[in-house]
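Student: I am new to this one. Please show me the structure, and then I will ask about it.

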There are 2 protein chains.
Amino acid sequence: MSYKPAVPKGMRDFSPEVLEKRNHIFDTIRSVYTLYGYMPIETPSMELIETLTGKYGNEGDKLLFRVLNSGDFLKEVTGEELEQREANSLSAKIADKGLRYDLTVPFARYVVQHRNEITLPFKRYQIQPVWRADRPQKGRYREFFQCDADVIGSTSLTNELELIQIIDEVFSRLDVNVEIRINNRKILYGLAEAAGLADKFYPFTIAIDKLDKVGVTGVCQELESLGLHGEALKKLKLVFSMEGSNTERMSAIASMVTGSTTGMKGVEEMNALLDYHRITGTRNPLITDITLARGLNYYTGTIFEVTSSDVSIGSVCGGGRYDDLTGIFGMPGLSGVGISFGADRIYDVMQELGLFVQVMPNRPQVLMINFGGEDERYSLQALDALRRAGVAAEIYPDAARIKKQMTYADARKIPFVVLAGEQEREAGCLTLKNMLTGEQQRVTVEELVAVARQ
Amino acid sequence: MSYKPAVPKGMRDFSPEVLEKRNHIFDTIRSVYTLYGYMPIETPSMELIETLTGKYGNEGDKLLFRVLNSGDFLKEVTGEELEQREANSLSAKIADKGLRYDLTVPFARYVVQHRNEITLPFKRYQIQPVWRADRPQKGRYREFFQCDADVIGSTSLTNELELIQIIDEVFSRLDVNVEIRINNRKILYGLAEAAGLADKFYPFTIAIDKLDKVGVTGVCQELESLGLHGEALKKLKLVFSMEGSNTERMSAIASMVTGSTTGMKGVEEMNALLDYHRITGTRNPLITDITLARGLNYYTGTIFEVTSSDVSIGSVCGGGRYDDLTGIFGMPGLSGVGISFGADRIYDVMQELGLFVQVMPNRPQVLMINFGGEDERYSLQALDALRRAGVAAEIYPDAARIKKQMTYADARKIPFVVLAGEQEREAGCLTLKNMLTGEQQRVTVEELVAVARQ
């Protein structure tokens, strides 16, 4: 065999067993989104390249998968342009479409394009794959699913509460213990202002975001390099190791950002959200975490990050509020807030904790052994009765050796096998074998249906 | 607004309403596949370009969407190659991946690649989008879903029976009346042999396939151009207008292909399949149609084509048996048979016949009106109770004017609205308004749950 079949780097085939577990995660997320009034939309895999470029920073632009124009894609490229061998500018001429990089930008484009059909506030969810030409590594793929919910057109903090409840409900249903961390970008801005770094807010958040990786000392070094020293640095250092309840920490923070209007607004929002949270509560702990920054600079209010309490794997869900997502598409002033579940990481956590044991795969309950001829006809009739009763079942397609057919039932983990040869046919019954216990019994078709349905 | 948001040509956004109808079709197909013992797999959107090229003919190769290599894609292209401006050969150098064109080739690649994990016969289904750079027109898109089921590794005609039953069950559940047409490529080969056109079998099938479009006269003209004249042409002409039952037509055909071993094998297979069909029957008619050819030349046995009895829109499902699909990937001798549902056309048929009326969208059952302050807290508690009882519900996020909130409930077609202001709060009850009848009544939270659950 000269040709060795393979999939592209960083992409995956999903076999039935893995896929059913993944679908269990998607189905859970989907049903919780529905319970909270979110409606599904889908957008095309490809977007016009101008919809995508410039939205994810320079790094993001490099990671876009571009789709070559069909037909003679060189038609409009001049000889001069070819000679320059400039991959960037040439790609713009020969590839006018790209695969979506996330679900947020397509959602923003969707809202603007369909503004006249949409009722605001618009609550949508979207579960679709995205593509990034990232270097593949353990747990990082070039094609992966995102599971987003956003509400756009409302500034109310009840939306934030709802998203926290959704997170809590999804992970409760999946039996995964998590910590739901929240912060507010306005508080971070207040801290930056208090430290005299308002003009360096973006690098300031980037520095703080590294706390997990480089520790307090590392972050402080980075803050020093931004120009923070002495008392201001000391004060900020205290923030990283703050203790006490959510409310206690909020009052400590309030005293630090008291001079910043934005900072105080952030504290006010956090307190209001904590107040909402007291009405309904959550099964998983809600933790205010002032060091939570989240890289994406379009967040402007509450930010969320969820981590597993039992497996150290990074964030399994995240999101936040943005003041002006659709502005880039010519529709300014629409505030929104959203979250995104990371299905791949949730899968890994559940796999590691053995939480898929209870997931019942949709495999057939019954295999009819095929004895050929008249026996096969008899079995096909019983099989039809099973399916009409809603029992997933099949017949081995050929009258192969019984051992081979039994091995097939084993390999597919089919719990019941039915043998119907001449004897059974004459007696008008079937022999039912329980593959787990090895027990055999004679049953009627009705009895078979009743047993297989359990 | 200078920038007008749009999606690429031939691609579509799906709004909640359309998507829920589409999902109804997908869910129906999925559950019938499961009932018949088929297991789901998924393959990546992209395949290595060598997996795709040469599988769909020259025309197909032109319709592949190719994905530009990331980074400096010109790195390994020589100046000479650039100067030649040969789009075809250049694309091979700068794009080593392509988007899948159908689900059959990725399935064949999957089977060969995972041969050691798979138990044969392997019954898989796959519901995923495919991409073709076709010229978009009414009902033809550049991104669309295919819903395939195939069983590979068994030559038994019980598989064909099963697929016919699946077709029948899917369309019965969707309430779409169809005609299930079958033929056998071996019979077509027998007819070609009898007509002395065995060496022109492929153009022969192409000619016959056009019957719908060009009529008997047109087909006969085309057959004449292939070298068919006199008695032989006259005989074949009779085939196009054969009447009688399936069995009668099969015996007429048998007498025509009696000199062809392949032809007689085809008749034998058809008769055996018709015999199987008599065991279980179908609600929709099964019709042998000797003029059914299906373009794809990898089919070698039974072929299927399904048309709506009420809407003239072409085939809504099709498929057939192939003797050697995985041979191209180095694993010869595996026979398989499969079908594919065309979700877009089924959608159009159902839309035209008004069959979506019964599809209950997953929209929220209850909207809590938001009066702000203490009333909002009270409503949030009732809302929490509703959701814990599994009722999809939401609160309007802001304490906006009641009229605005009511308009929102109307636009979203939410059937129940709950008003809970100071009076209700003091009385420990809620006011429930039925949006359809306009009726209002005072209820407890428990009564609300009971009503909304219906």
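Student: How far apart are the mean positions of the positive and negative charges of chain A?
Tutor: This is a predicted model, where local features need pLDDT of at least 70, side-chain atom pairs count only at pLDDT 80 or more, and totals for chains, interfaces and linings use all residues. Side-chain values use heavy atoms, without hydrogens and water. Lys and Arg count as positive, Asp and Glu as negative; His and chain ends are left out. Each charge is placed at NZ of Lys, CZ of Arg, CG of Asp or CD of Glu. For the 53 positive and 61 negative charges of chain A, the mean positions are apart by 2 Å.

Student: What share of the residues of chain A counts as buried?
Tutor: Buried means under 20% relative accessible area, with a 1.4 Å probe and protein chains only; exposed is over 50%, partly exposed in between. Chain A has 454 residues, and the buried share is 58%.

Student: What rotation superposes chain A on chain B?
Tutor: The copies are fitted by least squares on C-alpha atoms of residues with pLDDT of at least 70 in both. The shift along the axis is 0.0 Å and the RMSD is 0.1 Å. The rotation is 180°, which means the relation is that of a two-fold axis.

Student: In chain A, which residue has the C-alpha nearest the axis?
Tutor: Look along the axis relating chain A to chain B. The nearest C-alpha of chain A lies 2.3 Å from the axis, and belongs to Val67(A).

Definitions and conventions: Residues numbered from 1 in each chain as written. Chains lettered and ligands numbered in written order.
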